[in-house]
Amino acid sequence: MSSTVTSGGGRTVKARAGRPNAVWALPAVLFFTFFAVVPMGLAFYLSFTKWDGLGDPKPVGLANWQKLLDDPRLTQSLGITVLLMVTSWVFQTVISLLLGVWAAGRQRNRAILSGIFFVPFLLSSTAIGLLFYALLDPNFGIIRENILGSSSGAFLVIVFVGAWQFIPFHTLIYQGGARQIPEVLYQAAAIDGAGRYRQFFSITLPQLRHTITTSTILMVVGLLTYFETVLILTKGGPGTDTAILPYLMYEAGFKSYDFGYASAIASFLVVTATGLSVLLVRLTGFGGMRSTREGM
Amino acid sequence: MSHDTLPRPTTTDKRPDRPRTDAHRRRRHWSRRANPLAGLGSIIWLVIVLVPIYAMLSASLTGPDKALTGNPLKPPTDPTLDNYNTVLHSGFWHLLSNTVIVAVTVVVIVLVLCVPLAYVAVRTRTRWSGAAFRLFLLGVAIPAQAVVVPLYLLIAKLDLYDSLLAVILPTAAFAMPVSVLVLTGTLRDISEDLYEAMALDGASPVRMLFQLTVPLAKGGISTVVIFSALQAWNGFLFPLIFTQSDEPRVLTLGLFNFVSQFGVNIPALLASVVLSGIPIFAVYLVARRALIGGLMGVGGK
């Protein structure tokens with residue numbers, strides 16, 4: 001257990017020499033389990049209880065789940081969340097992919113521009129929410145109209161603000177991905193007479209498939225937790241027209257003190273997020289432990 | 001390569017002033033011709049990025065009396081720092097020091113826990129180390145919102161509610177998955193031969209970690225430092241739900257409270273947004289290369 005070097009015969013010694021013990025991973029696993037994995041299980045448990053934040057949760061069986069299924073706000077919220085994800089994914093992926101591939105080039109102005117492009121990502125969601133809250137203020141702002149007062153306006157603002165904040169990050173991911181595409185592929189394509197756009201669709205896009213997966217997973221999970229901006233800009237409104245799932249959960253829990261019901265919504269959120277991520281990882285064979293630089 | 005003794009080529013070298021390092025040569029890309037469409041697109045995006053930032057800076061320098069009459073896109077006629085003064089005298093330094101404490105502690109916890117884990121995940125092929133790695137791979141998908149209610153219960157039971165630790169511990173946990181991803185990505189590219197050479201010298205795994213892995217993974221480690229600091233700095237949900245009083249309040253929550261505190265004083269609100277961004281922007285200017293290099297690695301793997 002303690003020394004891997006002395007165990008086994010000659011070959012094993014060589015193969016296992018200096019290998020660290022798996023126990024080294026334990027503190028991280030325990031910490032993460034306690035503060036992230038256990039709460040996930042606990043959320044599921046709490047969804048079968050009634051709890052107002054004081055005292056102890058009381059089991060109530062399936063009542064919260066029944067309520068969730070009957071709640072017209074869930075259907076609406078799910079619709080808004082899916083619409084937000086699809087719209088944002090298309091918007092953010094197209095722009096970050098193009099910007100990232102462009103920024104992977106080598107001219108100096110690209111480096112400076114990429115540096116500026118990255119700035120919004122440094123601001124917190126809170127700061128960005130407040131920035132656009134101020135700039136969209138009907139009395140003060142750039143556009144003297146109550147955009148946030150209309151459903152479609154509020155929704156589009158939320159999509160836009162999310163894109164403004166997160167496109168820098170995804171651009172960077174695509175830039176990294178594009179830099180690792182072997183130059184020889186383009187040289188070969190150029191010899192075969194493929195033009196710039198043909199090269200983009202036949203080489204760049206297929207080579208970036210793992211990058212698209214990474215970016216998409218981070219985007220999907222990010223959007224499922226997109227909360228501060230909604231809280232600050234629209235408070236789920238007008239009415240409940242921008243009340244995405246995390247906001248619905250926040251209201252149920254920390255506004256109405258119905259933590260059991262909030263946990264049911266939260267469990268639903270976890271299952272959706274994990275399901276989507278596992279699906280994406282499986283579909284793309286992304287989980288392998290190999291370096292992508294091998295064999296190049 | 002003695003350029004001085006050779007006649008300079010006049011037709012091919014169009015950018016004689018640029019230092020041509022090996023890195024530049026290696027990175028020479030397919031798109032050597034100008035691409036006007038991409039250029040135009042990048043300019044449009046530049047405008048979209050800069051207009052709100054410019055409007056924020058300009059408005060934060062506008063006196064409150066002029067705020068409601070002027071368009072924020074016009075430069076302020078009499079720039080004033082009054083708004084910044086107001087914010088700095090509204091408990092800003094307390095919020096700042098709390099935020100620094102949170103960020104530093106989170107970074108330390110993340111490094112101490114994640115570096116050994118990534119090392120194990122890359123260097124051993126046992127079922128357990130694989131499972132540990134996959135736990136964090138799936139952990140990327142755990143939305144903080146989804147666990148905030150049970151965490152609230154845990155924090156209350158641990159008697160940590162309304163303290164900085166209530167913010168620090170969950171923030172560190174949720175910074176871990178991406179950190180593990182970045183670190184394993186970096187460590188995977190350290191050649192096995194180097195480990196074998198050290199093993200032949202009789203080095204222990206601990207010595208290898210500190211003398212080989214950590215120095216060679218500096219890039220990835222810097223990324224993790226900056227990335228988790230950024231997450232801690234910008235975190236909002238955990239402070240919102242796990243703290244209540246002024247004592248453990250952090251910057252983001254302070255900003256959120258400024259809305260009600262300053263009411264319609266939007267210039268002061270924007271000044272506080274600018275102030276909250278300055279420290280992280282300063283770090284970015286210093287550590288840009290590490291941050292960007294490491295994050296690009298996420299997509300490259």
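Mentor: Residues are numbered from 1 along each chain as its sequence is written, chains are lettered from A, and side-chain values use heavy atoms, without hydrogens and water.

Trainee: What area is buried between chain A and chain B?

Mentor: Contact, meaning heavy atoms within 4.5 Å, takes in 112 residues from chain A and 117 residues from chain B. Buried area is the accessible area (1.4 Å probe) that two parts lose on being put together, summed over both. Carbon and sulfur atoms give 75% of the area between chain A and chain B, which is about 10,300 Å².

Trainee: Which residue of chain B forms a salt bridge with A:Asp56?

Mentor: A salt bridge is a side-chain nitrogen of Lys or Arg within 4 Å of a carboxyl oxygen of Asp or Glu. The count between chain A and chain B is one. With the closest N and O atoms 3.0 Å apart, the partner of A:Asp56 is B:Lys157.

Trainee: Over which residues of chain B does pLDDT stay under 50?

Mentor: pLDDT is the predictor's confidence in each residue, from 0 to 100, and chain B averages 80. Where pLDDT is low, the predicted coordinates should not be read in detail. In chain B, the stretch under 50 is residues 1–31.

Key: This is a predicted model: local features need pLDDT of at least 70, side-chain atom pairs count only at pLDDT 80 or more; totals for chains, interfaces and linings use all residues.
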